[in-house]
Amino acid sequence: MCTVLLRFDPAAPWPVLLAAVRDEYLARPWEPPAEHWPGRWGGRDSTGGGTWLAVDPAGLVVTALLNGFPHLPPLGDRPTRGTLPLGPLPADFSGFDAFHLVRATPTEVTVLSWNGTDLAQQTLSPGDHVIVNQGVDVNAFAPLRAAASPDPVPGLSTADAWGDWVPLLAGGTFTGVAPRPLLVHHSVDGLEYGSGSASLVALGHDTARYDFATTPGLTATWHEIPLPDRR
């Protein structure tokens, strides 16, 4: 997961609105979002067995994982970071590659960051936030500021439920410390790397909604991931 766009307003009908894009080697196999783990819905990485984003509809929690910096050399057998969104967290992160772990509930959003040596946690204030591999709010994304807050009632089509937040993930460019396009597609060491999927997650005070699209962009096909009704 390489981008999380977040709107947090504990007093709103939907306190958490989250839009996320996963960037990965496109040949790396994965399975579409489902309840691959008891009580947790998300896409499953077929190689590591974990996930980049997990939704807990009973607990009203969404957790998203982003790679961090610096990257460690591609040597040795290190634990997969894909278990982190599923919890519980380990007592010792030694050996893990760098990461940012976003955990959002209707009342609190935290980001746990590990750089391979030091662990830091910050609690985000209400408002709009941009989380990228370089950190929290080091970049700005103008379409997020301009997007109206939707009313993503479960059962509506993605377009009707999410309004401005669907085109939010169709493209655009970050400004700030790490300017780059939202959606990427290029070659890394001869392997195809790019934005392979996108997610929209909303947490209300008593319900959650999760939508997903492969090959994000202007022609993305979105669908709602069915979640159990906790009401």
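## A hairpin and its surroundings

A54 stands opposite T63, a residue of β6. The model is a predicted one, in which local features need pLDDT of at least 70 and side-chain atom pairs count only at pLDDT 80 or more, whereas totals for chains, interfaces and linings use all residues. Residues are numbered from 1 along each chain as its sequence is written, and side-chain values use heavy atoms, with hydrogens and water left out.

β5 and β6 pair in the antiparallel sense over four bridges, where pairing requires that DSSP finds at least two bridges between two strands. Strands here are DSSP runs of E with at least two residues, numbered from the N terminus. The two strands β5 and β6 form a hairpin with four residues between them, and in the turn L60 has a positive phi of about 55 degrees. Within β5, L53 and V55 point one way while A54 and D56 point the other way, and all are buried, buried meaning under 20% relative accessible area, exposed over 50%, and partly exposed in between, for a 1.4 Å probe and protein chains only. In a regular strand the side chains alternate between the two faces of the sheet.

## The nonpolar cores

A nonpolar core is a set of buried Ala, Val, Leu, Ile, Met, Phe, Trp, Tyr and Cys residues joined through side-chain atoms within 4.5 Å. The largest such core has 28 residues, and those with the most contacts inside it are V4, L18, L53, V62, V201 and Y210. At least two residues of this core come from each of β1 (3-8), β2 (16-25), β5 (53-56), β6 (61-67), β7 (99-104), β8 (109-114), β15 and β16 (208-214). Apart from this core lies another, of 24 residues, among them V132, F141, L169 and L182.

Leaving aside neighbours within four places in sequence, V201 is in contact (heavy atoms within 4.5 Å) with residues including L18, L53, V55, V62, W162, R209 and Y210.

## Salt bridges

A search of the whole structure finds nine salt bridges, each defined as a side-chain nitrogen of Lys or Arg within 4 Å of a carboxyl oxygen of Asp or Glu.

| D45 | R28 | 2.7 Å |

D45 counts as buried at 6% relative accessibility, whereas R28 is partly exposed, with a relative accessible area of 30%. Both residues belong to a network of salt bridges that links R22, E24, R28 and D45.

In the pair of D97 and R81, both residues are buried. The pair of E224 and R209 links strand β17 (residues 221-224) with strand β16, the two residues being 15 residues apart. E224 is partly exposed at a relative accessible area of 26%, while R209 is buried at 1%.

## A loop residue

Is D189 buried or exposed? D189 is exposed, because its relative accessible area is 77%, and D189 is found in the loop between β14 (185-188) and β15 (191-203). The C-alpha atoms of D189 and Q134 are separated by 21 Å, the two residues being 55 residues apart along the chain.
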